Amino acid sequence: RDQTWRCCDVAMVPYKPFTEWLYERVSQRVQWGNAEHWGFELLGLREPFQVLRYRAPTEEGAPAGKYDWHQDYGAGYMSNRKLSFVAQLSSPEDYDGCRLELHTHVAEEMPYVQRGDAVLFASWTPHRVTPITRGERYAIVAWVHGPAFR
């Protein structure tokens, strides 16, 4: 894995009886956001959620947690991704840097930084997480799939 482009730890959160509440809560919020902003035809959450941990370097020369510009939409199973969901799990006092930026017509830092804040955006939107300079930041990510656009 190329840590100059993406440097974070990833843990899967599979759909199980003890995580069902989380999937239902995210699904409900996705439906609200989709109805308000896009009106896409959706099939639902078809991939396990991921918890991401970004860490500041602990020794000189170690890479900082980050995720450079990318899209969540692509070939194969990613071709059905329509919406991306990112929820903040850490308090802003726990870290510095590590900001989510979306590139619409300009690079724009997302103002969500409080624990529990979430962002929903079209999966083909270029985005990144800037390098973390202090502490650790946790986030949960999910992708909402739908049929091909017509």
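**A lysine and the spaces in the model**

Author: Leaving aside residues up to four places away in sequence, Lys82 touches Phe40, Glu41, Leu42, Phe121, Ala122, Ser123, Trp124, Val144, His145, Gly146, Pro147 and Phe149 (contact means heavy atoms within 4.5 Å). The model is predicted: local features need pLDDT of at least 70 and side-chain atom pairs pLDDT 80 or more, whereas totals for chains, interfaces and linings use all residues. Residues are numbered from 1 along each chain as its sequence is written, and side-chain values use heavy atoms, with hydrogens and water left out.

Lys82 belongs to strand E6 (strands are DSSP runs of E, at least two residues long, numbered from the N terminus). Lys82 is buried, that is, under 20% relative accessible area with a 1.4 Å probe and protein chains only. Even so, Lys82 has no salt bridge, a term for a side-chain nitrogen of Lys or Arg within 4 Å of a carboxyl oxygen of Asp or Glu. The nearest side chain of opposite charge is that of Glu41, 5.7 Å away; Lys and Arg count as positive, Asp and Glu as negative, and His and the chain ends are not counted.

A pocket is an open set of points on a 1 Å grid over the protein atoms alone, with protein on both sides within 12 Å along at least five of seven lines; in a cavity a 1.4 Å probe fits but cannot get out, and lining residues have an atom within 4 Å of a point. Points are joined across faces, edges and corners, and a volume is the space filled by probe spheres set on them.

The largest pocket holds about 350 Å³. Of its 25 lining residues, Arg6, Tyr67, His70, Asp72 and Trp143 lie nearest the centre. Strand E12 gives the largest share of this lining, 5 residues.

The second largest pocket has a volume of about 250 Å³. Among its 16 lining residues, Cys7, Asp9, Arg55, Ala56 and Pro63 are closest to the centre. E4 and E12 each supply at least two residues of this lining, and E4 gives the most, with 3.

A search of the whole structure finds 1 cavity of 30 Å³ or more.

Key
Helices (H or I, at least four residues) and strands (E, at least two) are DSSP runs, numbered from the N terminus. Buried means under 20% relative accessible area, exposed over 50%, partly exposed in between (1.4 Å probe, protein chains only).
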